[in-house]
Amino acid sequence: MNATTPELAATVDTFAQLLSSTRRGARLARLLAAEQLRAWPVPPGVTERGEQIVAELAANAALHGRVNSRDFRLTLTLDTTAGLLRIAVTDARGEQLPSPPAECGTPLDAGSGRGRFLVTALADR
């Protein structure tokens, strides 16, 4: 007799949205992410951290990745079986990398450049 182990069906929910690479697009990304995370079965602490991560990543997309007529994509993926929330902010067009603005190399005490450290501190990986 063959005994098979029942497998749990993976429950994966995805939210994706294209947004303009502007301050307004970055703000909308944060608001949409907060709304979506509240609609999913995510603990409030994860929702708050996720919202802050999206805010930083979207602000970077609008500030440093901005190219005329080039949007960014916000994708949230929730795998309830694995207990994993994946947040991705990506360029919608990959054929050409944006050139970094001159101020990208500013030291941390200059008032910018802290976003990636904040994301690292808030994200598990």
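## Strand pairing

Strand E1 (residues 12-19) and strand E2 (residues 72-79) run antiparallel and are joined by eight bridges. Strands here are DSSP runs of E with at least two residues, helices are runs of H or I with at least four, and both are numbered from the N terminus; two strands pair if DSSP finds at least two bridges between them. Leu-19 has Phe-72 of E2 as its bridge partner.

E2 is also joined to strand E3 (residues 84-91) by eight bridges, and these two strands run antiparallel. Arg-73 stands opposite Thr-90 in E3. The hairpin of E2 and E3 has four residues between the strands, and Gly-83 takes a positive phi near 65° there.

## Basis of the model

The model is predicted: local features need pLDDT of at least 70, side-chain atom pairs count only at pLDDT 80 or more, and totals for chains, interfaces and linings use all residues. Residues are numbered from 1 along each chain as its sequence is written, and side-chain values use heavy atoms, with hydrogens and water left out.

## Helix packing

Helix H1 (residues 23-39) and helix H2 (residues 44-63) have axes that come within 8 Å and cross at roughly 160°. The axes are lines fitted to C-alpha atoms over the stretch in contact, with angles from 0 to 180 degrees between N-to-C directions. H1 is therefore roughly antiparallel to H2 (angles over 145 degrees).

The contact (heavy atoms within 4.5 Å) involves residues including Ala-26, Ala-33 and Leu-37 of H1 and Gly-50, Val-54 and Ala-58 of H2.

Terms used:
Parallel < 35°, antiparallel > 145°, perpendicular 65-115°, else oblique.
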